[in-house]
Amino acid sequence: MSHLVLAPLLLPLAGGLLPLLIRRGALPLERAIGVLATLGLVPTAIALVSQAAGGEVLAYAVGQWPAPFGITLVLDRLAAWMLLVTAVVANGALLFALGRSDTAGRHFHSLFQFQLLGINGAFLTGDLFNLFVFFEVLLLASYALLSHGSSPARTVAAVHVAVVNLLGSTLFLVATACIYSAAGSLNFADLAVRAAALPPDRLGLWQAGGWMLMVVFALKAAMLPLGFWLPGAYGAADGAVAALFSVLTKVGVVSIIRVGTVVFPDLDPGPVVWFAAIATLVLGVTGMLSASRLSHLAAHAVIVSVGMLMVAVALFDRAGLAAATYYVAHGTLATAMLFLVAARIAVVRGETADLLEAGPEFRGRVALPAAYLLAAIAVAGLPPLGGFLAKLAILDAVLDGGRAAATFAVVLTATLLSIVSLARAGSTVFWKVGPARGETVELPAWRPAAVSGVALLLAGLVGLVVYAGPAYEYADAAAGQLLDPGRYVDAVLQGRSGGGQ
Amino acid sequence: MEILVAAAIAVLVAAGVYLSLRPRLFSVLLGITLLSYAVNLFLLASGGLMVDSAPLTQVPGPYPDPLPQALILTAIVISFGMTSFLIVLAMRAVSERGHDRVERGSGEEAE
């Protein structure tokens, strides 16, 4: 039973390695393996969520090496929740990619699975160095996926992302070394115990390490001073790849939450995170307003969703973390869906692609504009979709704090401006018919797989509204669990039952 | 010993930061490589520096912390892989664009 924790790692690992063993050109087989491995993540994640919902923190000692020494995987409510979100987004993106993106270059399916391996591992790991390794796994796969389907713009974007993230990884290692030399351990739970008994002369080194970690995670999450690499990269990427990438920034956010609550509860990064989050929101919305392409608009929407998320996280209290946990699912699905719809629009409009200017006419077509409308509603956070509830929860959480007024002003203005930019983009794309390109284009038919990919993400968004009650209760319980790191520590350091008797 | 290692790390970091801020991909690559060397040395120092003793717990006497050495081994493998990937990516960028400048040129913005 407890071995199930390994499944989110083993499934993508097998799904990534198997296609490398088969003969080149056997694309249907690669697809079958990829789809099966990704689909398998959904029931796995649901089982893990229902297991975590009980409130028990499940620690799995890989190879039964006891906790501070071996590699530990830890499943709590937040980790299980993120696994589920990742599984849904991955399925949507993969289905959309079938027959289009995966023919643009080789090894798409292997890279996709390795990306999932890194993401799932980063959510599950209970060890700082292990987190570094999983970061590298997901980054290496992301560089390759980014340059997939080669074009000069994508190659340049991949180089930029690779250089920036390699510098980030360097800083990660420096932070790791500082923390290790201050506390003598790298296991989250063990660090939490040792932090309490740290000699005063080590405290500076310890905190320096903590702050550097926060900087690294902020870089991965694309928060303001460190987020300029994101729009160019996500905007240039293939639609399905960009949809999967919308989970990547959340890995940084979840790492901030995890390290901030378990290892460094005394660091109090809240105020700094709040300023960065507000600035990120402003930058993201400005980018949305000024975007010249739908894919760039979606990339800036990712930044906005990170900013919104971090406004809630910055509180580091129960209401804030609960709102963040709920919003992370909604925001990820919404931006992923917008990327897919933008990619579809780019295909349909031929030469005009997803440029926000007058193009061919969309007469008598309903499905694509409707999909855009729904994605836009989700991204902007309007009712009836869950973004509205999430923003309400975020605003409710900041209401008691000292910075309520500024937060309200920025969050509400950002929402208004994102509605404006999404509405303007939609009316340009669907209603503005260019003089030179006035002919009605023959729309290529929707491929069933692509439709089901978009539909799956939409179903996830709708599910978050329909089951908003249970979902929010779960998020609230997850926040409660995060703020009680004692249980986490006990589970990891004593709970060696996970090793598979 | 500490001063020697610290000076080595400092020189490597300084050179690495300078090179990675250069406008050409080749220098950036070299800069990142130097930075990763510096980090590996820094990791070694994080366990405390000790000379003339093996990192084996069975041997009597004081022994240096073996864990940072394991970390370095992993970090070396990872940074080696990353650097070689970045080199391939950079070569592809050069062959597609005809130059190895880091920034986007005019006309490269739109894809």
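Chain A has 501 residues, and a compact globule of that length would have a radius of gyration near 23 Å; chain A has 22 Å, which agrees. That radius is taken over C-alpha atoms, and the globule rule is 2.2 Å times the number of residues to the power 0.38. This is a predicted model: local features need pLDDT of at least 70, side-chain atom pairs count only at pLDDT 80 or more, and totals for chains, interfaces and linings use all residues. Residues are numbered from 1 along each chain as its sequence is written, while chains are lettered from A and ligands numbered from 1 in the order in which they are written.

Start with the overall build of chain A. Its C-alpha trace spans about 75 × 60 × 40 Å along the principal axes. Chain A holds 19 helices and two strands. Helices (H or I, at least four residues) and strands (E, at least two) are DSSP runs, numbered from the N terminus. Of the 501 residues in chain A, 59% are buried. A residue is buried if 20 or more other C-beta atoms lie within 10 Å of its own, exposed if 12 or fewer, and partly exposed in between, with C-beta atoms placed from the backbone. Contacts reach across the sequence. Among those in chain A between residues at least 6 apart in sequence, 80% join residues at least 24 apart. Two residues are in contact if their C-beta atoms, placed from the backbone, lie within 7 Å.

H4(A) has 17 residues and reaches 25 Å from its first C-alpha to its last, close to the 24 Å expected at 1.5 Å a residue. The expected span is 1.5 Å times one less than the number of residues. In H4(A), 17 of the 17 residues are buried, so this helix is largely enclosed by the rest of the structure.

H18(A) covers residues 468-482. Its 15 residues should span 21 Å, and its end C-alpha atoms are 21 Å apart, which agrees. The buried residues of H18(A) are A:Ala471, A:Tyr474, A:Ala475, A:Ala478, A:Ala479, A:Gln481 and A:Leu482. They cover an arc of only 160 degrees around the axis, which puts them on the same side of H18(A). The arc is that of the directions from the helix axis to the C-beta atoms. These buried residues pack against H3, H10 (239-263), H13 (318-348), H17 (448-466) and H19 (485-494) of chain A. On the other side of H18(A), A:Gly469 and A:Pro470 are exposed.

The loops hold some backbone details. A:Gln64 sits between strands E1 (58-61) and E2 (72-75) of chain A. Its phi is near 60 degrees, a positive value in a residue other than glycine. With 12 C-beta neighbours inside 10 Å, A:Gln64 counts as exposed. A:His107 lies in the loop between H3 (77-97) and H4 (108-124) of chain A. A:His107 also has a positive phi, about 60 degrees, although it is not a glycine. It is partly exposed, with 17 other C-beta atoms within 10 Å. A cis peptide bond joins A:Pro383 and A:Pro384, with omega about 10 degrees. A:Pro384 belongs to the loop between H14 (367-380) and H15 (386-398) of chain A.

Finally, turn to the partner chain. The contact takes 29 residues from chain B and 25 residues from chain A. On the chain B side, the elements that give two or more residues are H2 (25-46) and H3 (67-97) of chain B. H3(B) gives the most, with 15 residues.
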